[in-house]
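Student: I would be grateful for a close look at a single part of this structure. Could you describe its surroundings and then relate it to other parts of the chain?

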Amino acid sequence: MPELELRHLRAVCAIAEEGSLTKAASRLGLTQPAMSAQLRTVERIVGGRLFDRSPGGSLPTELGKQVVGTARLVLDEVEQLVSLARERTRDGKPGPLLVGGVPTLFFGHFVEELRRVIPCSEVRTEIMPGASDLLELLVSGQVQLAVLDRFEGLERRELRGLELRRLVSEPQFVALPETDPLAAQEDVDLAQLADRDWVAPPDEFVGNRLQIFTACAEAGFTPRFSHHVNEASTARSLVANGAVSFALPQSRSGEGIVIRPLRGAPLMVDLMLATRREGPAAGRAHDVFAAAARAYRAVLPRNPGYARWWEEHPEAHREIDAALLAGG
């Protein structure tokens with residue numbers, strides 16, 4: 001009986017990813033008969049059909065899904081092994097660490113933590129306004145690790161070669177003018193904001209747009225996004241002069257605005273940490289996560305309201321607590 005080889009694993013993964021045997025063959029530089037032969041070999045070895053042909057292309061069977069999932073893990077581990085070996089056979093000098101992120105208030109602390117734990121010649125950063133574009137940089141290798149928020153459609157994106165882990169489930173707060181009557185409250189009911197003008201990033205950079213509209217609909221209104229802004233100081237100026245906006249929970253009050261939690265936390269966003277299985281951070285996903293946990297925890301005092309919310313909702317930050325408890 002023939003043995004399973006890496007080329008066989010690459011073939012079944014390519015078919016699953018392309019949804020077509022023909023496209024998979026072209027991607028791997030094979031003829032269609034050669035690709036068919038490799039697929040038949042794998043099916044003989046595992047003892048069952050891996051794909052069903054349909055008008056929509058080649059769809060994995062239940063067995064196929066299991067084989068493809070395991071194949072991806074094996075290929076990722078091999079890639080990591082090769083990457084680590086190459087690093088060891090170079091001149092011994094580490095290269096730069098390329099770090100990406102969406103706008104966050106702990107990113108500077110994160111970079112400083114990374115300098116301490118990851119051997120590298122320097123840390124370079126790339127901040128992107130939207131998580132979807134940032135993911136493209138990760139997959140293409142233009143950055144080696146990144147902080148991004150979970151966006152709608154993430155599960156359908158190609159994540160091969162990446163380790164993706166939730167850092168924290170972060171509540172959305174609201175920014176109000178300090179002259180607003182609601183500013184006197186400790187928290188704000190989302191329904192109380194039904195008649196306001198909202199400041200928000202352009203639509204293509206709002207990864208949880210559906211979640212926002214659903215939460216507002218449940219509160220009885222459709223938000224009126226009057227100002228599309230992707231720059232923090234301009235957004236704060238618009239809020240200080242009468243608009244409202246969602247805000248990162250670590251945001252500080254001041255300069256004409258106040259930051260308040262939304263009652264019942266109707267909008268939660270998962271903040272994720274993605275690490276490529278190659279480059280300076282290869283094999284160091286735990287160290288990277290611990291660095292992110294320390295950096296995130298360090299900015300809690302920026303907003304006492306969030307610090308209180310944090311103490312009351314341990315379920316939102318179990319991963320960070322575990323990393324800090326482990327001495328990360």
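Tutor: Let us take Gly 256, which sits in the loop between strand 10 (244-247) and strand 11 (257-261). Please keep in mind that the model is predicted. Is Gly 256 buried or exposed? Its relative accessible area is 17%, and because buried means under 20%, Gly 256 counts as buried. Apart from residues up to four places away in sequence, Gly 256 touches Leu 176, Pro 177, Glu 178 and Ala 240. Gln 192, by comparison, is 64 residues from Gly 256 in sequence, and the two C-alpha atoms are 20 Å apart in space.

Gln 38 belongs to helix 3 (residues 32-46), and its relative accessibility of 10% places it among the buried residues. Neighbours within four places in sequence aside, Gln 38 is in contact with Arg 7, His 8, Ala 11 and Leu 30.

Helix 1 covers residues 6-18, and its 13 residues reach 18 Å from the first C-alpha to the last, close to the 18 Å expected at 1.5 Å a residue. Gly 19 follows helix 1 and has a positive phi, near 70 degrees.

Finally, consider the cysteines. Cys 13 is buried at a relative accessible area of 1%, and Cys 216 is buried at 0%. A disulfide is a covalent bond between the sulfur atoms of two cysteines. A search of the whole structure finds zero disulfides.

Conventions: Residues numbered from 1 in each chain as written. Predicted model: local features only at pLDDT ≥ 70, side-chain atom pairs only at ≥ 80, totals over all residues. Heavy atoms only, no water. Helix = DSSP H or I, 4+ residues; strand = E, 2+ residues; numbered from the N terminus. Expected span 1.5 Å × (residues − 1). Disulfide = S-S within 2.5 Å. Buried < 20%, exposed > 50% of the residue type's maximum accessible area, 1.4 Å probe, protein only. Contact = heavy atoms within 4.5 Å.
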